[in-house]
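Reader: I have a model open and a few questions about it. Can we go through it piece by piece?

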Amino acid sequence: MSNLENITVQSALEELYQILSCAYDSDGVFGFNSVTITGNWYAETDEEAEQILEALDARIDEFYAQQLEVFREKWGVKNDC
């Protein structure tokens, strides 16, 4: 499988999270801001950067939950747990 076949919304979100998280881990808010090119997620403090990372992580979890629900509806799988 080529790398192009691996490009999905899921993999893009995970990659984005890893990039931002690694940048933050290496240099705190300064590292985080160095990879947020557009400035849409600019953070003033480490705490703000952490909040953005937590929000992105939550969106990834929401995406997985939505995909699971779509799968269940499509295949008639019931959640009996």
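**Notes on the model**

Author: Ile52 lies in helix α2, where helices are DSSP runs of H or I with at least four residues, strands are runs of E with at least two, and both are numbered from the N terminus. This is a predicted model, in which local features need pLDDT of at least 70, side-chain atom pairs count only at pLDDT 80 or more, and totals for chains, interfaces and linings use all residues. Residues are numbered from 1 along each chain as its sequence is written, and side-chain values use heavy atoms, with hydrogens and water left out.

Reader: Which residues is Ile52 in contact with, leaving aside neighbours within four places in sequence?

Author: Phe32, Trp41, Tyr42 and Ala43. Contact means heavy atoms within 4.5 Å.

Reader: What is the reach of helix α2 from its first C-alpha to its last?

Author: Helix α2 covers residues 46–75, 30 residues, and reaches 44 Å, close to the 44 Å expected at 1.5 Å a residue. The expected span is 1.5 Å times one less than the number of residues.

Reader: Which residues of α2 are buried?

Author: Ala49, Leu53, Leu56, Ile60 and Phe63. Buried means under 20% relative accessible area, exposed over 50%, and partly exposed in between, with a 1.4 Å probe and protein chains only. An α-helix has 3.6 residues a turn, so residues three or four places apart point the same way.

Reader: What do they pack against?

Author: The buried residues of α2 pack against α1, residues 9–35.

Reader: What comes just after α2?

Author: Gly76, with a positive phi of about 65°.

Reader: Now the whole chain. How many helices and strands?

Author: Two helices and zero strands. The radius of gyration is 16 Å, well over the 12 Å that the globule rule gives for 81 residues, so the protein is more spread out than a compact globule. That radius is taken over C-alpha atoms, and the rule is 2.2 Å times the number of residues to the power 0.38.

Reader: What box do the C-alpha atoms fill?

Author: Roughly 45 × 35 × 20 Å along the principal axes. Of the 81 residues, 20% count as buried.
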